[in-house]
Amino acid sequence: MNLTAAIAVALTALRVNALRSFLAMLGVIIGVGSVIVMISISQGAKAAVDAQISALGANSLQVRPGSSFRGGVRGGSGSATPLSDEDVEAIRESVPYVIAAAGIIQQRGLTAVVDGVNWSTEVAGTHPDYFIVRDWGIVEGRPFNVSELEGAARVAVIGRTVASELFPAGGATGATVRIGGVPLEVVGVLAERGQSGWGQDQDDVIFVPTTTMRDRLGGLSSAGVRNPVQSAWLGIDRARNMDAAAEEITDLMRVRRNIRIGGADDFAVVNFAEFLRARNETESQLGLLLAATAVISLVVGGIGIMNIMLVSVTERTREIGLRLAIGAKQADIRNQFLIEAVVLCVAGGLVGMACGAIGALVVESLGQFPVSIEPTIALVAIGAAASVGILFGFYPAHRASQLNPIDALRYE
C-alpha cells in the first residue's frame, strides 16, 4: 500500500473503535495540553520579567544610602548620609565605565494643576542623563537640557498617565502646569512604561531639573550635605563588565565617604544585571522541570498507545494472516500498524494543543498570569506526539509483522 492508502486504512480502524481510540489518545492529550499551558505561562512570565528589567535598565547601576548606625542603634535602609551631586559628578568623571550619571530626588503626593484640573502625582528632580540611563524615550517634545538644569529653569517632562489626566485632549507640550503654585512649562512627554515590578505606575510622574526641585519646589535637604540626592542612577558601557564597574564605584564611594579599611559600607550599589542572572538561573531550572514533566506525561501517554496497539494486533490477528497470505510483505504490515500509532498520537497532539491553548487563555483570564503562546510550541508539540507514536508503536507493529500467516489464519 502507498502512504495515502495506509493512512486511510488507519483512520478507518481508529474510527471503528472510536471510544477506545479516544481513551488511548487521552494520555497524549493531557500530556501535550499541560506542557503547552506550562510553557505558555513560562514564556509569558519571562516576557514580563524582561520588560520590567528593561524598564529598570539592564546596563545600569543604582547607588543609594545604606543603613546608619548611631548610638548602638541601626537605622533602616536609606537612613545613612545622603549622596550628593558632587558624588554623582565624581563617579561620572572618575569611572571610565560610566557613560551617563544622574542623581534623583523624588517626592510623592504633590498636586499638579492645569486650568482647574488637578492630579496628585510624583515629582522627581533629576539630571538630563537620567533619561539616557533608563533608556526612556520622549514621544512629544524634548527632555530638559544641562543649561536648564544649571539655571533652575521652570520646565518639566511628564509621564503618559499625567499627560492623559491633565491634557485629555492632547497638546501637553508647551502648556503650563502648576505645582505648589510654581508654573512649569511642559517641554516633553515620555513614552509609556506601564507598571513596575512592584505595581507602581511608572508613567504617573513629572520630572524637573534637580535644581528646580531644590530651589523652587522645596526638594530634599540634609544637614551637613550640600546638594543632596536620594540616589544616583548610572549608565554603564555595554561593552564593559558590570561587576567590575560596580566594584570600582564602590571603591570610589568608600573613599569619598571616609569609610575605614574593613569598615561596613553605609551605601549600596545595586546591579540590575543580577536580576537578569537570577532570572536566567530560575528560567533554566524551570525549563528542566517542564522538560521532565513533558517527558513523563508523554511516556505515560505512549504506554497507553502501546497497550491499545497490542490489543489491536491481537484482535486483528486473522486480518493480518489474510493480508500476509495474499502477498502482503512484513514491511507492509509493520508500516500499517506504525502509521496507525502515529496517526493516533498526532490526533491526540492536535486535540491536546487546542486544549492547551484554551487552558492558557483561561489561566490568563482567571489567574491574571501573563501567557505567551508561540507557533513554535505547536510545532514542537506535534513533533513530540509523532515521535511518541513511532517509539511506542514500533513494538506492536513489529510484532504484527512477525506473525506466521498459517497460525494467524487459525487464530480464534
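**From surface patch to core**

Modeller: We can begin at the surface, keeping in mind that this is a predicted model. L19, F22, L23, L26 and I30 together form a nonpolar patch there, with about 490 Å² of accessible area.

Colleague: Where in the secondary structure does F22 lie, and does F22 count as buried or partly exposed?

Modeller: F22 belongs to helix 2, which covers residues 18-56. Buried is the term for residues under 20% relative accessible area, and exposed for those over 50%; because F22 has 40% relative accessibility, F22 counts as partly exposed.

Colleague: Which category does A101 fall into by that reading, and why?

Modeller: A101 counts as buried, because its relative accessibility is 0%. The residue sits in strand 5, residues 98-114, and, if residues up to four places away in sequence are not counted, A101 touches V88, R92, H127, D129, V133, W233 and L234. F131 is 30 residues away from A101 along the chain, and the C-alpha atoms of the two are separated by 9.9 Å.

Colleague: How should I read burial for the chain as a whole, and what share of its residues is buried?

Modeller: The general idea is that nonpolar side chains tend to be buried together in soluble globular proteins. In this chain of 412 residues, 43% are buried, while the accessible surface comes to about 20,600 Å², with 58% of that area belonging to carbon and sulfur atoms.

Colleague: How many residues are in the largest nonpolar core, and which of them have the most contacts inside it?

Modeller: The largest nonpolar core has 43 residues, and I158, I206, L234 and I249 are those with the most contacts inside it. Strand 5 gives the most to this core, namely 6 residues. Apart from this core lies another one of 30 residues, including I305, V313, A381 and A397.

Colleague: What does I158 contact beyond its neighbours within four places in sequence?

Modeller: The contacts of I158 are A163, F167, A172, V186, G188, V189, L190, V205 and I206.

Colleague: Which residues does the record list as "transmembrane region"?

Modeller: The unreviewed UniProt entry lists residues 286-313, 337-363 and 375-395 under that name. In the model, residues 337-363 are 100% helix, with end C-alpha atoms 38 Å apart, and residues 375-395 are likewise 100% helix, with end C-alpha atoms 32 Å apart.

Technical notes: Residues numbered from 1 in each chain as written. Predicted model: local features only at pLDDT ≥ 70, side-chain atom pairs only at ≥ 80, totals over all residues. Heavy atoms only, no water. UniProt positions renumbered as here; feature names shortened; annotations may be inferred. Helix = DSSP H or I, 4+ residues; strand = E, 2+ residues; numbered from the N terminus. Patch = residues over 30% accessible without salt bridge, like charges linked within 9 Å, V, L, I, M, F, W, Y side chains within 5 Å. Areas by Shrake-Rupley, 256 points an atom, 1.4 Å probe, with all protein chains shown as cover. Salt bridge = Lys/Arg side-chain N within 4 Å of Asp/Glu carboxyl O. Buried < 20%, exposed > 50% of the residue type's maximum accessible area, 1.4 Å probe, protein only. Contact = heavy atoms within 4.5 Å. Core = buried A, V, L, I, M, F, W, Y, C linked by side-chain atoms within 4.5 Å.
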